[in-house]
Amino acid sequence: MGITDTNEMEGTTKPGLDCILSERKSFDETKTGVKGLVDAGVKKIPNLFHHQPDKFEKASNLDNTSHVIPVIDLADIDKDPSIRQGIVDLIKEASETWGFFQVVNHGIPVSVLEEIKNGVKRFFEQDAEVKKEFYTRDRFRSFIYNSNFDLYSSPALNWRDTFACYLAPDYPKPEDLPIVCRDILLEYGKHMMNLGTLLLELLSEALGLNSNHLKDMGCAEGLVALGHYYPACPEPQLTVGTTKHSDNDFLTVLLQDHIGGLQVLYQDKWIDITPVPEALLVTNDRFKSVEHRVLANHVGPRISVASFFCTGHRSCSKLYGPIKELLSEDNPPKYRETTVADYAAYYEAKGLDGTTALTHYKI
């Protein structure tokens, strides 16, 4: 089964570990990712993608309306203060209960949503030699394509390829982006920054703070678009598209296609997030940081675009921690302060191992 547990990896003998690292290095050096395996016609997935069965039961929300992620309509939000307050109340309830909600009438045209999904698909399905030019593990590039950012640290690999495009605060040079998705990445980034700014205002108000509070903390300074490509998998029961995790940013806005596979962990049960046409999923780390995963599937490719709102600089030394205005004797801090650079380094070194990075910072 290959590596299936972090402790198992730590306890592996040196010859065994050398063999594992050699397998991963060989996979990395192909620069064609998981799609390269599929294109080569693999019928059995390599051991390095084998995962241990999850301890939580399968999705439990089939025909259960109590397990439906809230869908919040942002239409007319600026026309009437009472409408805005109603939306804030819904966001507060959804964020405290789930840590996730979906938004519709968010202002991003359907044509833009469709084109960004098509752009991601075009990038991953273009000629392999052209795509290889963008393959890198240099996290300071403006455009980074690879498979499994935690390739050398995770217990088992995910059945997924990804590109990351840094859209703010430093606007990327157009010539640094792939031609097949250049224009739509830049356009989508502008729309997403507007939506993210609005969502951070609403989340601030839901916390009982000034609407600019989270923006003033720097939560909307940086924007990274992650294009995920999940190829059809010949043995989906042995692996996952994305391991259970919580995101390492301030706010995530996710666009997914019609295939599905995204699940959130709610009360120790996996809940399917059924795709809603034209809807965007929102998750945050200010209320409840919910864990989620993506299943592998016989059907594919599955396309998703995750927009991460973060600090403006990846090496930022500013300390972040619990919002002081929300602390009291009855509500003391549960986490210690840390810098973005330290948290990002820990998150990447730990990899997606099925545990939350936040535990490391608990007081």
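Of the contacts in the protein chain with a separation of 6 or more, 77% are between residues 24 or more positions apart. The model described here is a predicted one. The protein chain has 363 residues, and 51% of them are buried. Its secondary structure comprises 9 helices and 14 strands. The accessible surface amounts to about 16,900 Å², and carbon and sulfur atoms account for 52% of that area.

**Helix packing around α7**

Helix α7 spans residues 182–206, and helix α5 spans residues 110–125. The axes of these two helices come within 10 Å and cross at roughly 135°. The crossing in which α5 passes α7 is left-handed. On the α5 side, the contact is formed by Val 112, Leu 113, Glu 115, Ile 116 and Gly 119. On the α7 side, the residues are Ile 184, Leu 185, Glu 187, Tyr 188 and His 191. Sorted by class, this contact of α5 with α7 contains 6 nonpolar, 2 polar and 2 charged residues.

Helix α4, which covers residues 81–97, also meets α7. The axes of α4 and α7 come within 9 Å, with a crossing angle of roughly 80°. The two helices are therefore roughly perpendicular to each other, since angles of 65 to 115 degrees are placed in that category. From α4, the residues in contact are Arg 84, Ile 87, Val 88, Ile 91, Lys 92 and Ser 95. Their partners in α7 are Leu 198, Glu 201, Leu 202, Leu 203, Glu 205 and Ala 206. By class, the contact of α4 with α7 has 7 nonpolar, 1 polar and 4 charged residues.

Gln 85 also lies in helix α4. Its relative accessible area of 41% makes Gln 85 partly exposed. Gln 85 and Leu 202 are 117 residues apart along the chain, yet their C-alpha atoms are separated by 8.9 Å.

Ala 75 belongs to the loop between β1 (71–73) and α4. With a relative accessibility of 29%, Ala 75 counts as partly exposed. When neighbours within four places in sequence are left aside, Ala 75 is in contact with Ile 83 and Asn 105. The C-alpha atoms of Ala 75 and Gly 107 are 8.4 Å apart in space, while the two residues are 32 residues apart in sequence.

Pro 46 is located in the loop between α3 and β1. Pro 46 has a relative accessibility of 23% and counts as partly exposed. Not counting residues up to four places away in sequence, Pro 46 touches Leu 37 and Trp 159. Between Pro 46 and Glu 23, which are 23 residues apart along the chain, the C-alpha separation is 9.5 Å.

**Backbone features in loops**

Most residues other than glycine have a negative phi, and most peptide bonds are trans. The following residues and bonds depart from those patterns.

| Site | Feature | Value |
|---|---|---|
| Ala 168 and Pro 169 | cis peptide bond | omega about 5° |
| Gly 300 and Pro 301 | cis peptide bond | omega about 5° |
| Lys 31 | positive phi | near 60° |
| Asp 268 | positive phi | about 60° |

Lys 31 is not a glycine, yet its phi is positive. Lys 31 sits in the loop between α2 (14–30) and α3 (33–39). At a relative accessible area of 35%, Lys 31 is partly exposed. Asp 268, likewise a residue with positive phi although not a glycine, is found in the loop between β8 (262–266) and β9 (269–272). Asp 268 counts as exposed because its relative accessibility of 51% is over the 50% cut-off.

Terms used
Residues numbered from 1 in each chain as written. Predicted model: local features only at pLDDT ≥ 70, side-chain atom pairs only at ≥ 80, totals over all residues. Heavy atoms only, no water. Axes fitted to C-alpha atoms, helices over the stretch in contact; angles between N-to-C directions. Helix = DSSP H or I, 4+ residues; strand = E, 2+ residues; numbered from the N terminus. Left-handed = near helix turned anticlockwise from the far one by under 90°. Contact = heavy atoms within 4.5 Å. Nonpolar A, V, L, I, M, F, W, Y, C, P; charged D, E, K, R; others polar. Buried < 20%, exposed > 50% of the residue type's maximum accessible area, 1.4 Å probe, protein only. Areas by Shrake-Rupley, 256 points an atom, 1.4 Å probe, with all protein chains shown as cover. Parallel < 35°, antiparallel > 145°, perpendicular 65-115°, else oblique.
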